[in-house]
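Dear colleague,

Please find the structure below, together with its sequence. My notes on strand pairing and salt bridges follow it.

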Amino acid sequence: MSGPVVVGVDGSSSLYAVEAAAREADRLGTGLRLAHVLTWSSTHLPPGVPPWDRDGSVTRESLTSPLTEARRAARRVAPGLAITQDVLIGEPSAVLDAESRTASLTVVGGRPAAGVGGRLRASVAGQLAVRGRGPLLVVRGRPEPEGPVVLGNDTSREAAEFAFSEASRRGTDLVVLHSRGRAARLLSALRKKHPDVVVHERHAGSWTGHALVEASGAAQLVVIGARHTLADTLRVSAARILVDHAHCPVAVIPLRAV
């Protein structure tokens, strides 16, 4: 896709995600879109009346301040980047899923979401990993992680190309975890395309999310492909576990089998 990189902005906690999104937008040569999603019931909002004009409970400053801070963070990383911003109303995962349909990449933080009584509910990242239709980058785990890029699924061109490109941009090695030898020709072609990337191939007996979470402890990024169909339940489940529990950022790439 040629659309912008879209990043969900929810305050200071999302600034790492904004910085990561700015780097990706700069790498892809596209713009950055800052999306601040406001959960608001339309039944309580008269048509045409902005929420900050309703009862004073939401102010313009409370909505624009996170975006202003996010724009500054993005400019520090990529000064020449074209940046747009918007306040969007709706359920966050649904809004960002809609945004992802035309985005080159959607970036969110991986912070768990608090529910009633302090219980954790499904994170926005987890919901997007399950139902999202565009490439997703979840920024989570230990701060400033080091190590290789890990490709946790080598059966799709999209996921493999993303992993090789990220390893090249970051100047680090790529670890490819195999469970079967279906992608030898694809990997051979990508080695030629990215001769600067040192590739380590390792055989893995399982694609379970828990095994990939363990691998993330020594990585700076884990890339996994996920096809959102009933037949691909295992990979979707692994992606969901990764985005909620990995020790480093996770990229979930919609895939087509090779």
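In strand β12, Val 252 is the bridge partner of Leu 136. Please note that the model is predicted. The strand that pairs with β12 here is β7 (residues 136–139); the two run antiparallel and are joined by 3 bridges. Strand β11 (residues 221–226) also pairs with β12, in this case parallel and through 5 bridges; within that pairing, Val 223 has Ala 251 of β12 as its bridge partner. Strand β12 itself spans residues 250–254 and is mostly covered, with 4 of its 5 residues buried.

Turning to charged side chains, the count comes to 11 salt bridges. One of them is formed by Arg 169 and Glu 24, whose closest N and O atoms are 3.1 Å apart. This pair links distant parts of the chain, 145 residues apart: Arg 169 belongs to helix α5 (residues 157–170) and Glu 24 to helix α1 (residues 15–28). Glu 24 counts as buried, at 1% relative accessibility, whereas Arg 169 is partly exposed at 32%.

Arg 169 also forms a salt bridge with Glu 166, with 3.0 Å between the closest N and O atoms. Both residues lie in helix α5, 3 residues apart, or about one turn of the helix. Glu 166 is buried, because its relative accessibility is 0%. Salt bridges with shared partners join Glu 24, Arg 27, Glu 166, Arg 169 and Arg 170 into one network.

Helix α5 also holds Arg 157 and Glu 161, 4 residues apart and separated by about one helical turn. Their side chains meet in a salt bridge at 3.4 Å, N to O. Arg 157 is partly exposed at 41% relative accessibility, and Glu 161 is partly exposed at 29%.

With kind regards

Conventions. Residues are numbered from 1 along each chain as its sequence is written. This is a predicted model: local features need pLDDT of at least 70, side-chain atom pairs count only at pLDDT 80 or more; totals for chains, interfaces and linings use all residues. Side-chain values use heavy atoms; hydrogens and water are left out. Buried means under 20% relative accessible area, exposed over 50%, partly exposed in between (1.4 Å probe, protein chains only). Two strands pair if DSSP finds at least two bridges between them. A salt bridge is a side-chain nitrogen of Lys or Arg within 4 Å of a carboxyl oxygen of Asp or Glu.
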